[in-house]
Amino acid sequence: MSKKLIQTKLSFSSSQPEPVNDEVTKPFLKRKLSDSAVEEDMSEPGKSRLILSYADAVDGSSAQSNKYVKFHENIESSSGSIQENAGASSNLQRSTSWTLIDSLPDEAFPHDSSDYTDDTHNYNRIEKDKPNTSHDSDPCWKGVPLSELKKAPECFKSRYKKLSPGPGHIVFFDVLNKGWENEDLKPFRRQQNDTWNNDYVYMPNHERNQMLENGEMYYSWDKICVALSKNIPGTLELQRTILSYNPHYRRKWSFEGLHLYFEQNKESSKMKDEFFVTILPKMQDLALRLPELCPMAIPILKQRRNMKITFSQEQIACLLANAFFCTFPKRNFKPKNSPLPDINFSNLYSESQCSRKFEKFKCIINYFKRVTTTMPTGAVTYARQYEIPDNTFWNTTDKKFTNLHVSTSGTIEDDGRGMLQADFANKYVGGGVLGHGLVQEEIRFLICPEMILSRLFTEVLTDNEVLIMTGCERFSNYEGYSESFKFSGDHQDTTESDVWKRKCTEVVAMDALVVRGDKRLSSIRRK
């Protein structure tokens, strides 16, 4: 008999027969949990050892004594995704740690009690090999086939109402005219009071955005317009341009990563010509259209407030172009306890973690190449949702998940199409997307750069808040993860659009839970 560490899935069930001696079972199960291992009988192919016992062996609660724990082997697991009928999906990376899924229905692990034989010493059960009856191509999944889960837009048609601005929803394009859905989205204008305060984004073109140079005060937007109206033939000129209206950072910012990207790239000559001759001039023009495309102040999505804002994709491209040129005031330095993440791209241009940043540059440049060639005509909504904590819900609810699909392969953005997709976020949305981070959240923001804009106006998330981004288009393909991440070409997003002209893609960003010191969850390793 040989042993190996394998991924394990847990589910609670009340239908299993009662063990003979609970006092024997508890310490055995606790030992199994602490060892993070399950024995597999390698001498009999197709058979593996399962353990059945009280759930209170995990949490010590006598109230759970009518429930049982079922361990099920997931052989040779490389990655996984959890996709639930209500729309939630997540992605689990390669790991030898255990995967814990609470309160799944028995249908998620379709084996009845006749599949087990007694062993009164430690209550092991031998599971008989079952043929795979999956209709999906992935042989390692449980629950219902993906094809049976409800997906957008069909399951959401009834919830769409007329798109209209209100106190809780700011729309930045004109939807007051009948038939706007069939026309180009035009910026909405309205008279506003003073917006140069912490309740709004500090905009580059605001009249109070001024800078002191040589003892004189200048209107910063004038300096930005002069700088971005000039020809920028290379990286050194781009560096000088950005620093011309950010003089305080001339000795603080490094642009070595940007320089090295164009110098060391194998196709540097061709890429440099395309970028500086074709793409960058259009980006300059796009950034300078800020007063035209974004005439209204942008509110900050504050903590503990339900609020949503909707932009056209053209407005988003304009704002991201300004972030590329580092024009947003008061956002060049993020204090330790700042409520907002950084948005200007200055940190992306530094020398640290160059190999990672080279791939990030490819994704960002591909996005700007696309939008400056053919501007997309859709819309994107960013909605912050706050829920008053209810610490009793999970302890008292008798509700069960409906249809569930648990798989060891696939990706959220591909296999979760049409469902609510999880972003296991940093409390500052986007995490290290503009720095050295390059895991699940950062990758998603890079292939869907419209998500990066959320950093402009989203305060740090608390434990009871999420940010839902609806309509973000995917522009890039990729392969690998973290150090192995590589941009692998342009992506044409064929996802349907809803009646608000948004892609039927919903991504929910939630601050990922940090698990430390909890014995019940000690076998879960955070990646």
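**View 1. His169 is buried in this predicted model.** Its relative accessible area is 7%. That value counts as buried because the cut-off is under 20%. His169 is found in strand β10. Its side chain makes a polar contact with the side chain of Thr310, at 2.6 Å.

**View 2. Six strands form an open sheet.** Their order is β10-β13-β14-β17-β20-β16, and the pairing is mixed. Strands of a sheet pair through backbone hydrogen bonds, either parallel or antiparallel. The edges belong to β10 (169-171) and β16 (420-425). Each has a single partner strand, so one side of each is left without a neighbour in the sheet. From one strand to the next, the twist averages 15 degrees.

**View 3. Strands β14 and β17 run antiparallel.** β14 covers residues 379-386, and β17 covers residues 465-470. Six bridges join the two. Look for Tyr382: Met469 in β17 stands opposite.

**View 4. Helix α8 packs on the sheet.** This helix spans residues 313-324. It touches β13 (307-312) and β14. The direction of α8 makes about 90 degrees with that of β13.

**View 5. Helix α12 also packs on the sheet.** This helix spans residues 440-447. It touches β16, β17 and β20 (506-511). The direction of α12 makes about 120 degrees with that of β16.

Notes. Residues are numbered from 1 along each chain as its sequence is written. This is a predicted model: local features need pLDDT of at least 70, side-chain atom pairs count only at pLDDT 80 or more; totals for chains, interfaces and linings use all residues. Side-chain values use heavy atoms; hydrogens and water are left out. Two strands pair if DSSP finds at least two bridges between them. Helices (H or I, at least four residues) and strands (E, at least two) are DSSP runs, numbered from the N terminus. Axes are lines fitted to C-alpha atoms, for helices over the stretch in contact, and angles run from 0 to 180 degrees between N-to-C directions. Contact means heavy atoms within 4.5 Å. Buried means under 20% relative accessible area, exposed over 50%, partly exposed in between (1.4 Å probe, protein chains only). A polar contact is a pair of N or O atoms within 3.5 Å; within protein, one must be able to donate a hydrogen and the other to accept it, and residues adjacent in sequence count only if both atoms are side-chain atoms.
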